[in-house]
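Here are my notes on this model, as numbered points. Please read them with the structure open.

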Amino acid sequence: MTMTTYHTPIDSINTDIAASLQHLINSKTKPIGALGALESVALQVGQIQNSLKPVLNRPAILVFAGDHGIVEAGVSPYPQAVTAQMMFNFFAGGAAINVFARQHNVALRVVDSGVNAEFEPTEQLTHAKIARGTNNFLNGTAMTLAQCEQALTTGAEIAYEEAGAGSNVIGFGEMGIGNTSSASCLMSILCDIPITNCVGRGTGLDDAGVQRKGAILEKALAYHHLDNSEPIKVLAAFGGFEIAMMVGAMLGAAQRNCVLLIDGFIASSALLVAAKMQPTILQYCIFSHCSDEVGHQLMLNHLHAKPLLNLSLRLGEGTGAVLAYPLVQSAVNFLNEMASFAEAGVSEQSNAS
């Protein structure tokens, strides 16, 4: 049996079928381009599945959770204990992601990647703890390279399991007090953007708190002095276990030809790492929304991404990914079910100028 690994190359999506898909889209009973972004999504999903009749099976959302040593430096208005408390909220079905996943019939799996607490087994919980939180990256790396490799491999295995259970569309979410600090540092290095343009309010910092957070992260970046040529080293230095595991899961999902639903700021920072490792992954990504976290639009610009929604969300948990899923469904449904001009007996647009 071949071991699952995040190193497995990701195939490019099939461009040979693109012309046939575009013809099919254009022949529907509508002006060309009238369904806007839905047409782009239909084309992309058809290419990912190499099919003129794509199907979305067992949509799933993977929520990775981990704690961050940088919290001890005062970068968050919430204590680290909130990560574990929110995990219990997930298990009880009371978080926003639970509500939206139930509403849209999306399978939810919560992964303990590195929370500073222990949990009893529950149906939704996957125990995959690397350690009880990362180290403070102000004075050392957040994790060792070995821990980073373990998180990446475990994430890929989890995505393979979901694909093996029948999922061909997977969204990614996270929970971890302090993880906007990790994401900001990853963004600054991998996008080559000054940290002051990457730092936002996170879970609700005031202006003074944002300034203090920026100064702390600037000091950390100077301490490590890394560049974007070695993404795994950058991830180990600044990442959280949940971010590293999400990187591996994204790579694993794309290896299995799944549609990837990318959530907000934290999930996009994980994708930055994954795309540095395997740029082909971007062909599988649908960007659900633009977060209200200050750096997210710049991150999306770097990825040349056009998000489906802009609802001023900044919750995380994969909420934006699940909220965008019905739009992906609509894109696939119009491709499969909408009548063509010929089928409906409707006259097509004249080519006369």
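1. Start with the largest cavity. Helix α12 gives the largest share of its lining, three residues. Note that the model is a predicted one. The space inside the largest cavity comes to about 40 Å³. The structure has one cavity of 30 Å³ or more.

2. Which residues line the largest cavity? They are P59, A60, I61, V106, G171, L261, A321, V322 and Y325. Two elements give two or more residues each: β1 (60–66) and α12 (319–337). By class, the lining of this cavity holds eight nonpolar residues, one polar and no charged.

3. Now the open spaces. The largest pocket holds about 450 Å³ of space. Its lining counts 31 residues. Nearest the centre of this pocket are N179, T203, R314, L315 and G316. Elements that contribute two or more lining residues are α3 (81–92), β4 (169–175), α6 (179–191) and α10 (265–277).

4. Which element gives the largest share of the lining of the largest pocket? Helix α6 does, with three residues. By class, the lining of the largest pocket splits into 12 nonpolar, 12 polar and seven charged residues.

5. The second largest pocket has a volume of about 350 Å³. It is lined by 17 residues. Closest to its centre are S40, Q44, C285, F287 and K306. Helix α2 (37–49) and strand β6 (285–287) are the elements that give two or more residues to this lining. Helix α2 supplies the largest share, six residues.

6. What is the class make-up of the lining of the second largest pocket? There are 12 nonpolar residues, four polar and one charged. For the largest pocket, the charged count is seven. Keep both sets of counts at hand when you look at the two linings.

7. Next, the rings. The model has four aromatic pairs. F88 and F91 make an edge-to-face pair, because their planes stand at 90 degrees, with the ring centres 6.1 Å apart. Both residues belong to helix α3. They sit three residues apart, about one turn of the helix. F88 is partly exposed, since its relative accessibility is 48%.

8. F91 also pairs with F119. This pair is edge-to-face as well, with 5.6 Å from centre to centre and 85 degrees between the planes.

9. Is F119 buried or exposed? F119 counts as buried, because its relative accessibility is 6%, and the cut-off for buried is under 20%. Together, F88, F91 and F119 form one aromatic cluster.

10. The charged end of R256 sits over the ring of Y160. The distance to the ring centre is 5.3 Å.

11. Check two backbone angles. N50 has a positive phi, near 50 degrees, and is not a glycine. This residue lies in the loop between α2 and β1. N50 is partly exposed, since its relative accessibility is 45%.

12. S312 is the other entry here. Its phi is positive too, near 60 degrees, in a residue other than glycine. The loop between α11 (296–302) and α12 holds S312. Its relative accessibility is 45%, so S312 counts as partly exposed.

13. Last, the overall fold. The protein has 13 helices and six strands. Its radius of gyration is 21 Å, close to the 20 Å that the globule rule gives for 353 residues, so the protein is as compact as a globular protein of that length. The C-alpha atoms fill a box of roughly 70 × 45 × 40 Å along the principal axes. Of the 353 residues, 58% are buried.

Key:
Residues are numbered from 1 along each chain as its sequence is written. This is a predicted model: local features need pLDDT of at least 70, side-chain atom pairs count only at pLDDT 80 or more; totals for chains, interfaces and linings use all residues. Side-chain values use heavy atoms; hydrogens and water are left out. On a 1 Å grid over the protein atoms alone, a cavity is a set of points where a 1.4 Å probe fits but cannot get out, and a pocket is an open set with protein on both sides within 12 Å along at least five of seven lines; lining residues have an atom within 4 Å of a point. Grid points are joined across faces, edges and corners, and a volume is the space filled by probe spheres set on the points. Helices (H or I, at least four residues) and strands (E, at least two) are DSSP runs, numbered from the N terminus. Ala, Val, Leu, Ile, Met, Phe, Trp, Tyr, Cys and Pro count as nonpolar, Asp, Glu, Lys and Arg as charged, and the others, Gly among them, as polar. Rings of Phe, Tyr and Trp (its six-membered ring) pair if their centres lie within 6.5 Å; planes under 30 degrees apart count as stacked, over 60 as edge-to-face and the rest as tilted. Buried means under 20% relative accessible area, exposed over 50%, partly exposed in between (1.4 Å probe, protein chains only). A charge sits over a ring if NZ of Lys or CZ of Arg is within 6 Å of the ring centre and within 35 degrees of the ring normal. The radius of gyration is taken over C-alpha atoms; the globule rule is 2.2 Å times the number of residues to the power 0.38.
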